[in-house]
Amino acid sequence: AAPPPPSRAKAASPNKQGSWAARIQENYPPRALREEREGRVGVRVTIGPDGRVSGCSVTSSSGSPDLDQAACDGMTRYARYNPALDDAGNPTSGAASTAIVYRLN
């Protein structure tokens, strides 16, 4: 019998992360801005076969509920990924972790 073809499975990877990361950070929560709060939010996202974020959870809080919520809202709205691939090379659901840093200029 012939050996099975090599797996074409691949994890999801960010697509044009520079542009969407900037858009997330530009949408600074107004109250956090007024109160001059900064922070780093660790998030884990679920990525659909279309490369869009279908779910988001905070894995490491910034200590500010506004920033934490804005990070997940921004990921869901702006983040795009190259979808994960299954063994046959077909798009499938995947997951990724990243951090959003909110810093005042």
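Modeller: The account below takes up one aspartate and then a group of charged side chains. The model is predicted, so local features need pLDDT of at least 70 and side-chain atom pairs count only at pLDDT 80 or more, while totals for chains, interfaces and linings use all residues. Residues are numbered from 1 along each chain as its sequence is written, and side-chain values use heavy atoms, with hydrogens and water left out.

D68 lies in helix α3, residues 65-78 (helices are DSSP runs of H or I, at least four residues, numbered from the N terminus). D68 is buried without a salt bridge, and R37, the nearest side chain of opposite charge, is 8.4 Å away. Here buried means under 20% relative accessible area, exposed over 50%, and partly exposed in between, with a 1.4 Å probe and protein chains only. A salt bridge requires a side-chain nitrogen of Lys or Arg within 4 Å of a carboxyl oxygen of Asp or Glu; Lys and Arg count as positive, Asp and Glu as negative, and His and the chain ends are not counted.

The structure holds four salt bridges. One of them joins the side chains of D66 and R31 at 3.2 Å, N to O. This pair links distant parts of the chain, as D66 is in helix α3 and R31 in helix α2 (residues 30-34), 35 residues apart. D66 is buried at 18% relative accessible area, whereas R31 is partly exposed at 43%. D66 also meets R37 in a salt bridge (3.2 Å, N to O), and E35 meets R37 at 2.7 Å, N to O.

Definitions and conventions
Helix = DSSP H or I, 4+ residues; strand = E, 2+ residues; numbered from the N terminus.
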